[in-house]
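This report looks at a few sites in one model. The sequence and structure come next.

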Amino acid sequence: MKKIVYLDGLRGLAAFVVVIAHFVQVFMPSVIEGREEIRHFAFEEMLAETPLNLLFNGNFSVCLFFALSGYVLSWRYFRTGDRTILYSAAIRRYFRLAGPAFASVVIAYVCMIAGWGMFDDVRGLTGSSMPDPFAADASLLTMVKEGLFHTFFTYGAQYNPVLWTMTYELFGSLFIFAFLLLCGRRRIRFVLYAALVCWLLDSYYLAFVIGVLLSDLQHSGRDRLARVRRPWINAVLLAAGLFFGSYPYIHPAGTLYAVLLWESSKFDFFVFYHVIGAGLVLTAVLNSSRLQALLGSKWCAYLGKISFSLYLVHFTILCTFGCFLFLQLSAVLPYGINILITFTVTLAFIMAFAHGFYRLVDAVILDMLSRWNKRMFIGAKRAGKKGGTKPVSAGEQAMD
């Protein structure tokens, strides 16, 4: 059982949207903040209030990450019923996330103490009210604590703000493994799915539950998702998912999203609709050979391969090199042309840096964990099968 390339492609596209989202947050902040006084272009209001915001809706992309984690971390178990897969993945999960994430924190920390942070210098021109990521405590001990502990156990995100998702990823993953170990083969799990949906209705953790449920429906014995595998159904699911996923950052009153609101003082519509949208889009992808072919293309597959690296390093580069370039060009170029050049050059730099980060950090950590996994679990399993039973499957060897 190999990696599912088209799901990697979906993750890669989602990571690319996050990059655009932060570029917009820095240089066209009214699209995110909804403040007319900081608007630079007439089309920003249209971007903010219509499904065009899918081009930069980073929160929807994050919900796709979480739903994909739920699916990918569970599908091999549902296919094989092998609990060893869960033990192995659970032991490796923190290290798989923390290694690259800590490296990204170190890079951001070096940029901070070197004085390369330029965001504070440009926000007077852009109007962005985003907190300065380089205003964190410059203590080395604080950096180490942040990178190895707070990021993963307290939703901390100093030095590299995108790491707010890491606590969700770690806790969500561990919850998946515990859930599958306790009731992954029992019928009562479907009652628990319903209970979890009600309990986590407007939480990011709901995305993990949806991912596991889709994996369960598709891989536990027969493919139950095949019952709704019709082109028109996939089109409806995809359209609905993208509509919900484009729920705007600004307040939806007066927009076409106003119909999605109901009376509630505490319910988080922003999270709820993005999670539901992610679940619907993932369902459509799982049932559509055309979407799978598109997302499995060479370019999307490459984006998927470097997606974690791209996610981790882009923000620091944007707020150093990107802001520096914008500041230099602002004296000689109109705002619009400046943004276009800054985006193009900075994006190329981010992609090159992410590629290097993948090769030197992420791929190295994956290889180390893979070898560790083979020694601890696969080697032990083979040693227990001296009588010549069936070989260990590729799925048991693969990294999640």
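## Site at F175

This is a predicted model. F175 sits in helix α9.

Setting aside neighbours within four places in sequence, F175 is in contact with L196 and V209. D121 is another matter. The C-alpha atoms of F175 and D121 are separated by 42 Å, and the two residues are 54 apart along the chain.

## Site at N160

N160 belongs to the loop between α8 (140–153) and α9 (165–183).

Not counting residues up to four places away in sequence, N160 touches S104, L312, F315 and T316. With L312 there is also a polar pairing: a polar atom of the N160 side chain lies 2.9 Å from the backbone oxygen of L312.

## Helix α7 and its end

Helix α7 covers residues 119–126. Which residues of α7 are buried? They are F119, V122 and T126. Viewed down the axis of α7, these buried residues fall within an arc of 70°, so they line one face of the helix.

Just after α7 comes G127. G127 takes a positive phi of about 85°.

Note on methods:
Residues numbered from 1 in each chain as written. Predicted model: local features only at pLDDT ≥ 70, side-chain atom pairs only at ≥ 80, totals over all residues. Heavy atoms only, no water. Helix = DSSP H or I, 4+ residues; strand = E, 2+ residues; numbered from the N terminus. Polar contact = N/O pair within 3.5 Å; in protein donor to acceptor, adjacent residues only side chain to side chain. Contact = heavy atoms within 4.5 Å. Buried < 20%, exposed > 50% of the residue type's maximum accessible area, 1.4 Å probe, protein only. Arc of directions from axis to C-beta.
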